[in-house]
Each structure stands twice: as structure tokens, then as C-alpha cells.
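Please examine the following model with attention to its surface, its helix packing and its charged pairs.

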Amino acid sequence: MNVLCVTHAYPRSEGDVAGAFIERLVLALRERNHAIHVIAPADRGQGGGESLRGIPVSRVRYASATRETLAYTGTMVEGARSPAGAWAAVNLVRAQAAEITRRSTTMPADVVHAHWWVPGGVSAWWSRGPHKPPYVVTVHGTDVRLLEKSPLVRAVARRVFRGAAAVTAVSSFLAERVAAVAGIDLGDIVVQPMPVEVARFDRTSRGGAGLVSIGRLTKQKNMAVVFRALDHLRRNGLDVPLRLIGDGPERASLEAEAARMQLREYVEFVGAVEPERIPDAVGDADVSVFAATQEGFGLAAAESFMLGIPVVALESGGGVRDVVPRSGAGRIVADDDPAAMAEAIAELLRDDAGRRLAAERGEGLKREFQPATVARKFETIYEHVRTA
């Protein structure tokens, strides 16, 4: 099957983390003998055709070299808010749509798989030509939050979703939001997470190292409630360290808050860690705390289970609720309730069965998120779309 993959995030070189999960899916599909061609944005003038790990990639130009900065930084939404940024975003949609049309004409594609409904999904919808293939749209999280911004955005999104031959979401939470805001049937949305490089999670935590939290230090990660839970544990006679893996704009304020709460000696700021080093950085943690809200999926929670570590998450965690159970291997606690979080942590610290169940949960997730498994599921979607 010939598949065009349209995305605004795809590795620019081996080891680049931008869109690495999409590359994993693309490589797994190639292993199943599908011909994949990736359409992605240029980066600061670096565009044109290339081959990356044997996958042909077209990097479309959409602005002057100095203005081709929308992609690969994780700040596309912010960048598109200025007049120049908005114009560049429109040009990116046009350029990707034109490339879809060109590729579909020279080598007819069986299906287009657009990651994120905007810009990729809009490009797939906007493309024209007598050989226009059906398209699949996958939503990942940031694009779904845009649906609540304005009636105009929702109007465009509805056209994209209703024109798609299939819509997938990486979590039930995102599927529900898309169905409600975009006005499509929830039953028509396939929930399918992206693949994970499960092979690197080849060890199981032995415990004894306290708490861990993995993720960028942003307001959405809600680390303040974790600090308050840590303080609650201390005041109840349980001194337990917390290791923060990740960096971000909130780091300085969190360091100040930890000092103000006299927690600085208990909180270790590790900083950013390369994905392949996550298992070693997590070490032998006892409990993983996932306090983020409105998450599209919750990869850090899944990774913790793959290392045999129980997880505590919030009720408003969004997609993480697909990953974390309410008992056994994990706990879901009420928002902004540090006492409830502290009690959940204490329960898991006392409960050896929680670690065993976490390891079992992790083995199940490894099988579910194995690239080959995810590729087979998308292959089924493509076959259905092609023959519908």
C-alpha cells in the first residue's frame, strides 16, 4: 500500500526527538512492506527531498528561511498568533496540500495519514486533483485544545473531520472532546495511541528511591500540588525524596517554591534527559507521580508502568486515565487535594502488591504499544479506508 504521511513534526536527523513517535510508526509500517512517503515542513530554509533511515521525506518550503520556525520547536500555536506567523501557517497548509496533490498525481497514493488535524489535516482536506486519495486524521492533544478557541476554528475543524475517511485519537479523552466540539459521532473515532520504543524499558525498579515525576516543568504539569503532598507526607512522619526529570519554564519558580516550603533537600531537579536515558534516570523509584491536567495521552505514566512503578494521577489528567487504574497498580485522586495525593502515595509505598501489579500492567502496555502492534492496527484502518 502507498501511504502519504503528513505531519509538522518529523525527525530532521537520526536521534532527533521531534515527531520520533511518528517515525516509529512509519518505520514499522515499512517493515510490513508498505511504501511510505513523509511530507513535513522545511526548517529555517532546509527543505526539499531527502531520505532518512530509508524513508523518503519531502520538506516543503513555506516562508523565507528566517521565518520557517513554526515547526520542530513545540511552539507552533504561539508562533502562529502574530500576523507574520499566521501567514506562514497558511502558507504551510497550502504547501503541504500542493505536495499531497503532486505526489498523488505522480505516484497514486492509497491513503493519506495526517497527524494533527491542523496543519496536516487541513492540508489533506484542502488538496485537490483527480487522484486525491482518502485521508485519515489522527489527533494528538495540542490540536484538540485549539477547538475551544473560536467558532471559526471549529468550523474549519468540522470540515476536516467530516471529510476524513477515518478519525483516530491517541486517548479516549481526546476522542470525547473531538466528538463533542467538532460534532462527529464518538463511535466513529478509533482510539489508538502511538507506538513506544518499548525495548529500552528492559529493567524493573527494585524500589527504595522514593518518588519520581517525569515531564516538562510547565504549569500544566501541576507540580505545586505534588510539593504540597510531599509536605503533607513529611508532617505525618514520612520523609520521602522526589526526583523531577525534565526541564521547562517553571523550573526557577518551582525551585523557589521548594525552598520556601523547606523541601529543597528532598527535591532533586535532574533537568532534561534524552528519551533513551529515561529508565536509568528513573532508577529504583517506588512511586511515580503524574499531576498533569488535560493530558492528551500520558506517556510518562505508561513509561513508569513499563519500569514496574505504580502511578498516582489526577482526576483531570485527561488521557492518562486510559493508562492508570484507580486501584491496584495505580491511583486516581481528586484535583488540588494534596492530602488525598499523599494518602495514595503512602498506600502504594506500603503495598508490595502494587509494585507487582504495576509490573504486570507494564508488560501489557509493552505489548499494546509495540511498534509492530500499532502498525498492524493502522494497517487495518488503511485497508478499511481504501476499500470503503
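Where is the place of Trp-87? In this predicted model, Trp-87 belongs to helix α3, which spans residues 83–106. Its relative accessibility is 52%, and because exposed means over 50%, Trp-87 counts as exposed. Together with Val-90 and Trp-126, Trp-87 makes a nonpolar surface patch of about 300 Å².

Helix packing comes next. Two packed helices are described by the angle between their axes and the distance between the axes. For helix α11 (residues 299–306) and helix α13 (residues 352–369), the axes come within 7 Å and cross at roughly 115 degrees. The crossing of α11 past α13 is left-handed. On the α11 side, Ala-302, Phe-305 and Met-306 make the contact, while the residues of α13 include Ala-358, Gly-362 and Phe-369.

The charged pairs remain. Side chains of opposite charge can pair when their charged atoms come close. The model contains 31 salt bridges. One of them joins Arg-12 and Asp-43, at 3.0 Å from N to O. Arg-12 lies in the loop between β1 and α1 and Asp-43 in the loop between β2 and β3, so this pair ties together parts that are 31 residues apart in sequence. Arg-12 is partly exposed at 33% relative accessible area, whereas Asp-43 is buried at 16%.

Another salt bridge, at 2.9 Å from N to O, is formed by Glu-379 and Arg-32. Here the pair links distant parts of the chain, helix α14 and the loop between α1 and β2, 347 residues apart. Glu-379 counts as buried, at 16% relative accessibility, and Arg-32 is partly exposed, at 30%. Finally, Arg-24, Glu-197, Arg-200 and Glu-303 are linked in a network of salt bridges.

Methods
Residues are numbered from 1 along each chain as its sequence is written. This is a predicted model: local features need pLDDT of at least 70, side-chain atom pairs count only at pLDDT 80 or more; totals for chains, interfaces and linings use all residues. Side-chain values use heavy atoms; hydrogens and water are left out. Patches are made of residues with over 30% relative accessible area and no salt bridge: like charges are joined within 9 Å, nonpolar side chains (Val, Leu, Ile, Met, Phe, Trp, Tyr) within 5 Å. Accessible areas come from the Shrake-Rupley method with a 1.4 Å probe; for residues, only the protein chains shown count as cover. A salt bridge is a side-chain nitrogen of Lys or Arg within 4 Å of a carboxyl oxygen of Asp or Glu. Helices (H or I, at least four residues) and strands (E, at least two) are DSSP runs, numbered from the N terminus. Buried means under 20% relative accessible area, exposed over 50%, partly exposed in between (1.4 Å probe, protein chains only). Axes are lines fitted to C-alpha atoms, for helices over the stretch in contact, and angles run from 0 to 180 degrees between N-to-C directions. A crossing is left-handed if the near helix is turned anticlockwise from the far one by less than a right angle, and right-handed if clockwise. Contact means heavy atoms within 4.5 Å.
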